[in-house]
2 protein chains.
Amino acid sequence: MNDASTDLPPARPVPPDDRPEVVRTIAELRARVAAWRAAGETIAMVPTMGALHAGHLSLVAEGRRRAARVVVSIFVNPTQFAPHEDFQTYPRTEAQDLALLSTLATDLVFAPAPSEIYPPGDATRIEIGGPAAGLETDFRPHFFAGVATVVAKLLIACTPDVAIFGEKDFQQLAVVRRLATDLALPVTIVGGETVREADGLALSSRNAYLSPAERAIAPRLHAALTTIAEVARTGGDVAAALAAARSDLLERGFHAVDYLVLRDAATLGPVDDATTERRLLAAVWLGRTRLIDNIAV
Amino acid sequence: MNDASTDLPPARPVPPDDRPEVVRTIAELRARVAAWRAAGETIAMVPTMGALHAGHLSLVAEGRRRAARVVVSIFVNPTQFAPHEDFQTYPRTEAQDLALLSTLATDLVFAPAPSEIYPPGDATRIEIGGPAAGLETDFRPHFFAGVATVVAKLLIACTPDVAIFGEKDFQQLAVVRRLATDLALPVTIVGGETVREADGLALSSRNAYLSPAERAIAPRLHAALTTIAEVARTGGDVAAALAAARSDLLERGFHAVDYLVLRDAATLGPVDDATTERRLLAAVWLGRTRLIDNIAV
């Protein structure tokens with residue numbers, strides 16, 4: 001799901017009465033959606049893990065453009081975190097999230113407890129291959145099963161006409177499109193453009209984990225992607241550019257490069273004769289923080 | 001899904017105009033369902049693999065009692081068959097099925113091609129634990145992932161208020177209930193009673209595979225379950241009764257007993273202090289035919 005940042009724009013004070021309605025149960029969510037449907041209104045959903053930043057708000061704005069009503073879900077999904085990952089420490093800032101959402105006239109926030117999404121005795125997991133193979137899966141093998149499971153549950157609960165997912169998590173967007181197609185969910189999946197800091201760093205929850213020194217070198221990731229994309233665009237030696245960028249990142253203080261690759265944007269497989277669009281994708285470590293980013297070529 | 005028999009009652013001739021409408025695409029199915037919903041009508045779904053018999057018809061009749069409209073799906077689901085199983089030879093008798101369904105005023109038949117349910121590039125499987133553990137899974141390890149995947153797709157495509165599944169496949173019924181709860185599908189799952197031949201044999205597609213000699217001894221399975229249930233009901237030695245029944249079945253010409261067990265009817269786990277209802281479940285081989293059956297205690 002769309003992840004979070006604590007790198008927040010200052011929230012303007014919002015009187016509690018102006019804040020979006022919050023429901024905690026699927027039954028309440030369905031009742032609100034049914035009333036809108038009965039009135040002939042369309043619905044956009046923006047699934048998030050909360051701790052909202054300007055990247056999320058751009059997805060909400062996209063939802064607003066595409067439907068009469070916008071539902072934002074806030075749910076830190078336990079099943080997409082491995083035991084050693086940051087589920088416990090992931091930022092949870094609901095009051096601030098609601099204040100931010102009120103600035104965009106969000107119609108409804110769905111913020112369920114874990115037991116509403118994973119009921120007692122829960123035994124169902126949605127496994128996905130295709131675009132989920134490789135890349136993130138090589139390093140987070142259970143991630144996309146967790147994502148596919150929770151996204152399916154959220155889309156089944158809300159039944160929006162449109163759901164917006166950030167291109168920042170490009171492989172996730174491809175996985176969600178695959179999931180929606182395979183389950184014939186009656187929804188259009190829309191990708192929202194990545195929002196960046198002035199220095200190019202993609203907004204992310206996990207930027208909040210960076211020390212000042214790490215934050216200073218973090219924008220090199222986007223700079224490296226931009227350089228490689230230019231080489232690819234002009235018919236240069238992409239393999240050499242990828243290798244040079246990898247070395248450069250490690251020299252500048254990145255601790256590891258999980259992947260830094262040029263792929264077919266549609267399949268996320270290797271670029272081949274059938275490729276019409278290419279995408280550069282990277283996952284890197286800066287200290288104890290893992291950052292991902294991607295750009296079109 | 002509810003399986004099939006070629007042990008059919010004779011179909012009365014039905015003029016083609018009286019036969020239920022058949023749609024082959026999810027889009028057509030949704031259009032019909034949307035029109036009913038707009039008219040305030042409720043919908044029951046009976047998922048089948050076709051080759052309908054009186055057992056299926058009793059499920060359709062149950063659907064008719066519970067909703068204004070009844071949709072029957074006919075789809076021999078490839079993903080619930082292992083490569084060595086009988087997917088290719090499974091009986092396909094659509095014209096006869098439609099004639100039978102017309103006798104029950106079925107509103108719509110959804111009979112998709114495999115590519116409508118598993119679109120090109122399909123990469124999604126729903127894995128399920130809980131009630132799917134053990135019993136059938138010990139002998140058909142991929143069966144319930146295939147069932148859960150196709151049932152989820154069918155219920156998402158049709159969005160019925162009620163879906164009817166036969167108690168003949170008792171573990172499948174428990175798995176479907178678990179699936180519907182875990183995905184919060186807005187449907188009530190209803191179990192339909194097993195229909196039996198006069199001699200006790202549960203109706204099943206696979207009865208058609210039996211030779212006359214095998215058919216003659218097949219009712220011993222139900223007789224054995226009835227005997228053991230009586231022992232259990234009256235506080236007798238169930239373990240001894242199960243062992244005696246197993247020996248008796250093998251002596252009478254059954255070739256193997258995959259399982260013959262008394263379980264908690266709610267969890268399908270072992271009977272324990274929390275058990276309020278018990279169920280006897282069996283899977284046996286008669287020649288090359290595998291038969292399953294179960295009864296309440």
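This is a predicted model: local features need pLDDT of at least 70, side-chain atom pairs count only at pLDDT 80 or more; totals for chains, interfaces and linings use all residues.
**Notebook: pockets and contacts**

**Entry 1: the largest pocket.** I looked up who lines it and got 32 residues. Nearest the centre sit A:R37, A:T159, B:R37, B:T159 and B:P186. I then checked which elements give two or more residues to this lining: helix 1 (26-38) and helix 6 (143-158) of chain A, plus helix 1 (26-38) and helix 6 (143-158) of chain B. Helix 1 of chain B has the largest share, with 5 residues. Sorting the lining by class, I wrote down 21 nonpolar, 7 charged and 4 polar residues.

**Entry 2: the second largest pocket.** This one holds about 640 Å³ of space. Its lining has 33 residues, and the closest to the centre are A:D86, A:R140, A:R206, A:W285 and A:R290. Several elements of chain A supply at least two lining residues each, among them helix 5 (136-139), helix 7 (170-182) and strand 9 (278-286). Strand 10 of chain A gives the most, 6 residues. By class I noted 13 nonpolar, 12 charged and 8 polar residues.

Where does the second largest pocket lie relative to domain 1 and domain 2 of chain A? Domain 1 (16-192) and domain 2 (210-296) both give residues to its lining, so the pocket lies between them.

**Entry 3: the two domains of chain A.** That sent me to the domains themselves. Their C-alpha centres are 27 Å apart. In the contact I found 11 residues from domain 1 and 13 residues from domain 2. The area buried between them is about 1,100 Å², with carbon and sulfur atoms giving 61% of that. On the domain 1 side, A:L135, A:F139 and A:F170 supply 54% of the area buried against domain 2, more than any other three residues. I also looked for salt bridges between these domains and the count is 2. While browsing side chains, I came across a salt bridge where A:E167 and A:R279 meet, at 3.5 Å from N to O.

**Entry 4: chain B against chain A.** Last stop, the chain contact. Chain B puts in 25 residues and chain A puts in 25 residues. Together they bury about 1,900 Å², and carbon and sulfur atoms give 59% of it. B:T124, B:D182 and B:L183 account for 27% of what chain B buries against chain A, more than any other three residues. How many salt bridges are there between chain B and chain A? I wrote down 0.

How values were computed: Residues are numbered from 1 along each chain as its sequence is written. Chains are lettered from A and ligands numbered from 1 in the order in which they are written. Side-chain values use heavy atoms; hydrogens and water are left out. On a 1 Å grid over the protein atoms alone, a cavity is a set of points where a 1.4 Å probe fits but cannot get out, and a pocket is an open set with protein on both sides within 12 Å along at least five of seven lines; lining residues have an atom within 4 Å of a point. Helices (H or I, at least four residues) and strands (E, at least two) are DSSP runs, numbered from the N terminus. Ala, Val, Leu, Ile, Met, Phe, Trp, Tyr, Cys and Pro count as nonpolar, Asp, Glu, Lys and Arg as charged, and the others, Gly among them, as polar. Grid points are joined across faces, edges and corners, and a volume is the space filled by probe spheres set on the points. Domain bounds come from an automatic or database domain assignment. Contact means heavy atoms within 4.5 Å. Buried area is the accessible area (1.4 Å probe) that two parts lose on being put together, summed over both. A salt bridge is a side-chain nitrogen of Lys or Arg within 4 Å of a carboxyl oxygen of Asp or Glu.
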